[in-house]
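Open your viewer and get ready to click along. We will visit a few stops, and at each one you will hear what to select and what is there.

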Amino acid sequence: MENTNFSSNTLSPFSFLVHPLAKPGTYGIEIYENNNLIHTNQIISSNENKETSLNIDLYLPSLRAQKGSFKINGDHAYLLFYNSQSFSKNRVIIKDKDSVVYDSISPVKGDLFVLNLLKPGEYTLNSNSLKTSMKLNVQYPDLKRDKLSDAMTRINLNSHSIKAIDSQSLLPNQGVIIQLGDGLKDFNIEYTKSYDKKLENSVVNELKRMARSGIKVPTDRSKKQIIKKFSIRK
Amino acid sequence: MATIQLAVSENSMNKVLDNLINNFHITKSGSSTGNFRASYNVGIRLTGGSVDLKNDPDEIVLKEIDVNWDPLNVTLEIDIPEICLGGFCIFWLPFLGCVARAPKICLFSANPDISIPLNLDGLITSEISGGFNAIIRYKDEPSNNSLNPYQAYAANNMDKWQVFLNSRWLDLDIIDISDTVGNLLDNIVDNLINGIFGGLPGWAKDILSWSLHEINDIIRGILDIGDDIDEWLSDLLGVNFGLFDFILQEVGNYIANSYPLYEISNPFPIIPGANPVLLPINSIRTDVTNDEFVINVDI
């Protein structure tokens with residue numbers, strides 16, 4: 001949870017790549033970690049399959065546990081790549097026979113990078129390809145101000161908005177969806193400013209206050225006033 | 001038959017009461033089931049109190065004896081629902097709905113048990129009062145069956161007439177639950193958060209607490225605190241654990257069976273020493289006036 005730096009090829013429990021397959025077919029998939037090929041398999045995209053999305057965990061034991069080919073729908077096929085156990089530099093290549101249809105280091109329009117930032121503070125998104133940067137301000141949640149449902153609204157960014165916006169506020173666990181393509185091929189996100197430490201424990205303290213306020217804790221009882229009596233009579 | 005009267009004033013009875021209750025000490029541990037599981041470990045001692053003698057009907061009232069709860073430890077065990085992050089919809093299409101969803105990362109297995117220890121020492125002030133009548137018992141000491149009275153006297157092993165108090169009624173009054181009961185809630189919240197999130201940094205506990213939708217409801221609902229924490233605490237101890245009835249039973253049994261109010265040796269050494277003069281006692285009777293507790297000794 002403390003890992004706060006991401007790049008467009010960082011896959012982790014909190015950062016994912018999404019690629020929609022353009023058409024049905026049988027594809028080969030190659031997975032690289034730190035430029036080393038670690039696994040290969042097949043993806044069968046066909047309308048015989050109902051699943052419209054596949055979350056492919058690039059953690060090697062998970063890849064090896066996959067029985068047979070990956071199967072996904074033909075008309076709507078969204079492949080999501082992530083690593084459930086660590087922050088890793090992965091490259092994914094999908095081939096239609098020998099032709100590369102997808103290379104994660106060269107994303108195209110329609111590809112997405114999805115991020116789930118948890119730690120409050122200021123992050124700077126830098127893109128060499130766009131030659132621009134912007135801030136992502138993850139706010140410290142306030143129990144009175146911020147509803148959990150507010151974090152359900154995704155933040156959508158693309159090359160245009162990244163160039164236009166200086167900063168974007170968001171809540172922890174609020175999904176950030178970065179549409180790649182249109183000049184946006186790469187970026188890195190760095191944690192550049194910490195939150196105000198005085199805020200730490202504010203949610204827990206507020207929970208205590210709410211627990212107290214919702215429960216009557218008498219303080220003005222007169223001395224020797226009996227609260228409860230238990231009796232035995234013979 | 002002649003009768004000797006021994007009269008004890010109310011003031012003197014207070015000293016007798018001190019001896020009686022100072023020897024009382026019980027401990028108990030156990031657990032309860034219900035909406036949540038809880039276990040306890042409790043020790044009880046008695047101090048203070050006073051005697052009030054009542055005539056017609058005869059009754060010895062022991063009033064306002066302080067109950068010292070030491071220790072009073074309760075452990076709450078709570079089931080916590082699974083906490084997950086992510087899982088939000090990435091891509092949504094008309095008619096199909098969400099077609100791509102972020103992986104859901106569940107940080108904790110479903111329904112882990114959290115133990116929350118609560119030290120409630122000094123939190124509760126309570127008193128016992130009771131009305132008693134005197135009962136007479138004769139203790140036939142089996143080890144002196146082969147001895148004559150003088151031998152038994154020399155061996156300090158004589159039969160005894162004993163006066164016990166038998167309870168007619170006993171009340172346990174919960175007088176006060178400390179103002180620091182608010183700290184009890186803080187304690188519960190802290191232990192709940194730490195129990196769920198363990199050694200995570202403070203900001204992470206805050207984020208995850210905020211993300212755990214029902215945490216405030218958990219604190220109140222699972223513990224079934226309702227609106228009144230006094231009520232909750234006394235119900236927990238009294239009803240769930242049955243401690244208050246237990247204490248009253250134990251106090252009643254102790255006073256009635258374990259520790260006599262008075263003992264008179266039989267025969268009674270009216271002149272003690274190496275050559276004692278022993279007076280056989282046929283029976284004893286008691287009487288209570290508003291000022292004195294009287295023991296009539298029939299010789």
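**Stop 1: a sheet in chain A**

Select E6(A) and strand E8 (residues 78–82) of chain A: the two pair in the parallel sense over five bridges. Two strands count as paired if DSSP finds at least two bridges between them. Helices (H or I, at least four residues) and strands (E, at least two) are DSSP runs, numbered from the N terminus. Before going on, note that this is a predicted model, where local features need pLDDT of at least 70 and side-chain atom pairs count only at pLDDT 80 or more, while totals for chains, interfaces and linings use all residues. Residues are numbered from 1 along each chain as its sequence is written, and chains are lettered from A and ligands numbered from 1 in the order in which they are written.

Now click A:Asn55, and opposite this residue you will find A:Leu80 in E8(A).

**Stop 2: where the chains meet**

Show both chains: 55 residues of chain A are in contact with 56 residues of chain B. Contact here means that the C-beta atoms of two residues, placed from the backbone, lie within 7 Å. On the side of chain A that touches chain B, select H3(A), which gives the most, with nine residues.

Next, pick A:Glu200, in the loop between strand E17 (188–194) and H3 of chain A. Which residues does A:Glu200 touch, not counting those up to four places away in sequence? They are B:Gly202, B:Trp203 and B:Asp206. A:Glu200 counts as partly exposed because it has 18 C-beta neighbours inside 10 Å. The cut-offs are 20 or more other C-beta atoms within 10 Å for buried, 12 or fewer for exposed, and partly exposed in between, with C-beta atoms placed from the backbone.

**Stop 3**

Finally, select H1(B) and colour its buried residues, B:Met13, B:Leu17, B:Leu20 and B:Ile21. They cover an arc of only 80° around the axis, which puts them on the same side of H1(B); the arc is that of the directions from the helix axis to the C-beta atoms. Turn to the face away from the buried side to see the exposed residues B:Asn11, B:Lys15, B:Asn19 and B:Asn22.
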